[in-house]
Amino acid sequence: MGEVAAEIANSTLDDNAVFTEPTHVVIVFTTGSIADEFTAEEAAAARDANPLDGWLPITESRGGSTASAVFHLLCSGLGIQALMLPVAFASLGWVWGIITLSIGFLWQLYTIWALVELHESVPGTRYSRFLDLSIAAFGRRLGKLLALFPVMYLSGGTCVMLIINGGGAMEDLFKTMCGGDGAACGIKPLDGVEWFLLFTCIAIVIAQLPNLNSIATVSLFGAIAAVGYGALIWILSVTKGRPEGVSYEPLIEAKSVEARIGSVLNAIGIIALSFRGHNLVLEIQGTLPLTPKCSSGTLPSTPKCSSKESMWRAVIIAYSLIALCLYSLAIGGFWAYGSKIPNGGLYVAFPQFHGHDTPKLVMGLTYLLIVASCLSAFQIYAMPVFDTLELRYTSIRNCRCSRRARTFLRVFFGCLAFFLAVALPFLGSLAPLIGGMTSTLTFVLPCFMWLMIKRPRRKSGKWWLNVGLGWLGVVLWAVMVAAAIWVLVDRGINANFFDP
């Protein structure tokens with residue numbers, strides 16, 4: 001925290017206030033707690049200081065609702081990473097697996113609550129982008145240093161991974177329905193690059209929807225698809241019985257102390273990476289209007305007119321469903337396969353053990369739902385990138401992005417993501433390492449941002465809670481990076497550049 005304090009001290013203008021100039025907003029916060037009152041003149045000034053917000057896709061429309069926020073949270077919070085949870089349980093066992101998953105879930109739920117509260121922590125200002133909030137908390141230089149890479153990777157990098165996973169699921173769907181050579185359908189099969197290209201083209205077409213609020217229906221289909229394929233996989237795995245010789249003893253394959261430690265660290269990393277979407281919480285809340293009793297749903301917000309009640313209600317609904325899915329996949333998957341669960345998780349285990357006795361249509365439906373989930377998630381994870389690209393355009397041209405320019409920018413990003421997916425098809429093997437490096441966005445930064453903006457009384461309960469969780473998150477970050485490096489050294493990596 002010494003660097004944080006130094007950064008804030010260097011930017012202090014007087015004893016009472018600190019003024020910074022983030023990309024989208026003007027931030028004013030006092031050295032004590034934030035004032036509860038905000039005059040109409042100050043509110044108007046705050047609104048006029050943010051003309052670009054009405055031009056950018058994240059904040060262009062604030063006509064969202066609790067239901068749309070639920071759809072976005074489910075679509076962004078549930079992903080194929082959840083299918084890896086039984087692998088973590090195979091290393092930790094029943095007791096420690098459930099304990100670790102529960103602690104991680106409650107921890108990330110608290111950091112989401114902190115982000116929801118911080119969204120309107122300064123009267124008259126809505127922090128609708130994670131980077132803006134980081135700059136408000138730590139200053140421009142340190143805020144960008146801490147948040148820029150995690151935000152960009154968790155947006156653009158996730159889109160690249162979605163192309164790899166979605167294109168792979170398309171190929172598995174084709175093989176399931178038409179056979180490996182396509183003879184059953186009379187169609188020549190595509191190669192890996194062509195499947196990636198097909199997925200990217202569909203994703204770019206859907207991406208022409210103008211703003212984050214306009215893709216609520218897409219997120220609804222994505223949420224249904226994510227819940228659907230997860231339920232299909234764990235229910236079928238449980239009902240079809242367990243393979244012979246299943247054991248539930250933890251670390252059964254570890255042959256040395258070093259290997260056991262590495263397996264435990266890797267399991268903790270898998271559980272931590274199953275929690276996703278924190279980089280989109282502020283953006284999703286930014287689509288919500290203020291409370292119904294307020295006359296307008298646009299900026300500015302005040303303590304009496306905020307969006308946090310609607311957003312927190314959406315979080316409770318969405319994360320209740322997410323918890324149900326995560327625990328079902330973890331417990332059901334581990335019960336079904338135990339120590340025989342392969343490193344690829346349930347995505348590999350189910351077709352490997354039960355693909356031969358599962359109807360072709362059911363297998364095809366599973367892969368189809370995975371493709372639909374990836375296409376929908378691509379839209380919401382790409383939105384911060386679209387927002388940044390359009391910000392550069394509007395800053396240069398000083399006008400709203402035209403439809404032609406918006407289309408060009410989104411096609412450009414889709415092509416770039418496609419190129420990276422083709423060039424780095426092994427990116428999934430590096431995901432634990434890069435994901436561990438960006439885990440600060442989920443477990444660390446919200447706690448320290450709460451301290452810097454809310455400034456609770458030193459050594460109070462809230463102060464100790466955020467300091468403790470923040471530094472514990474730093475330890476978790478180190479554990480996840482170490483575990484990812486250990487796995488890469490132990491298993492190696494197939495660096496198949498330009499060979500999907």
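Biologist: How much of the protein is buried?
Modeller: Buried residues account for 55% of the 500 residues in the protein. Keep in mind that this is a predicted model.

Biologist: Okay, and how many helices and strands are there?
Modeller: The protein has 18 helices and 2 strands.

Biologist: Take the contacts between residues at least 6 apart in sequence. What share join residues at least 24 apart?
Modeller: That share is 82%.

Biologist: Let's look at some helices. How do H4 and H17 pack?
Modeller: Helix H4 covers residues 85–118 and helix H17 covers residues 445–454; their axes are 9 Å apart, at an angle of about 35°. The crossing of H4 past H17 is left-handed.

Biologist: Which residues make that contact?
Modeller: From H4 you get Tyr110, Thr111, Trp113, Ala114, Leu115, Glu117 and Leu118, and from H17 there are Pro446, Cys447, Met449, Trp450, Ile453 and Lys454. Sorted by class, the contact of H4 with H17 has 10 nonpolar, 1 polar and 2 charged residues.

Biologist: Why is H17 largely enclosed by the rest of the structure?
Modeller: Because 9 of the 10 residues of H17 are buried.

Biologist: Which ones in H17 are buried?
Modeller: Leu445, Pro446, Cys447, Phe448, Met449, Trp450, Leu451, Met452 and Ile453.

Biologist: And what follows H17?
Modeller: Arginine 455 does, and its phi is positive, near 50°.

Biologist: New topic: at what angle do H6 and H14 cross?
Modeller: Roughly 65°, with the axes of helix H6 (residues 140–178) and helix H14 (residues 403–423) coming within 9 Å. H6 passes H14 in a right-handed crossing.

Biologist: Who's touching whom there?
Modeller: On the H6 side it's Gly156, Cys159, Val160, Ile163 and Ile164, while H14 brings Phe413, Ala417, Phe418, Leu420 and Ala421. In the contact of H6 with H14, 9 residues are nonpolar, 1 is polar and none is charged.

Biologist: Now loops. Where is threonine 438 found?
Modeller: In the loop between helix H15 (427–437) and helix H16 (440–443).

Biologist: Is threonine 438 buried or exposed?
Modeller: Threonine 438 is buried, because its relative accessible area is 2%, and the cut-off for buried is under 20%.

Biologist: What does the side chain of threonine 438 reach?
Modeller: The backbone oxygen of glycine 435, at 3.0 Å. Setting aside neighbours within four places in sequence, threonine 438 is also in contact with Phe149, Pro150, Tyr153 and Leu154.

Biologist: One more loop residue, then. Where is aspartate 53?
Modeller: Aspartate 53 lies in the loop between helix H2 (40–48) and helix H3 (66–77). At 4% relative accessibility, aspartate 53 counts as buried.

Biologist: Which side chain does aspartate 53 join in a polar contact?
Modeller: The side chain of arginine 129, at 3.3 Å.

Biologist: And how far apart are aspartate 53 and leucine 391?
Modeller: In sequence, aspartate 53 and leucine 391 are 338 residues apart, but in space they are 9.2 Å apart, C-alpha to C-alpha.

Key: Residues numbered from 1 in each chain as written. Predicted model: local features only at pLDDT ≥ 70, side-chain atom pairs only at ≥ 80, totals over all residues. Heavy atoms only, no water. Helix = DSSP H or I, 4+ residues; strand = E, 2+ residues; numbered from the N terminus. Buried < 20%, exposed > 50% of the residue type's maximum accessible area, 1.4 Å probe, protein only. Polar contact = N/O pair within 3.5 Å; in protein donor to acceptor, adjacent residues only side chain to side chain. Axes fitted to C-alpha atoms, helices over the stretch in contact; angles between N-to-C directions. Left-handed = near helix turned anticlockwise from the far one by under 90°. Contact = heavy atoms within 4.5 Å. Nonpolar A, V, L, I, M, F, W, Y, C, P; charged D, E, K, R; others polar.
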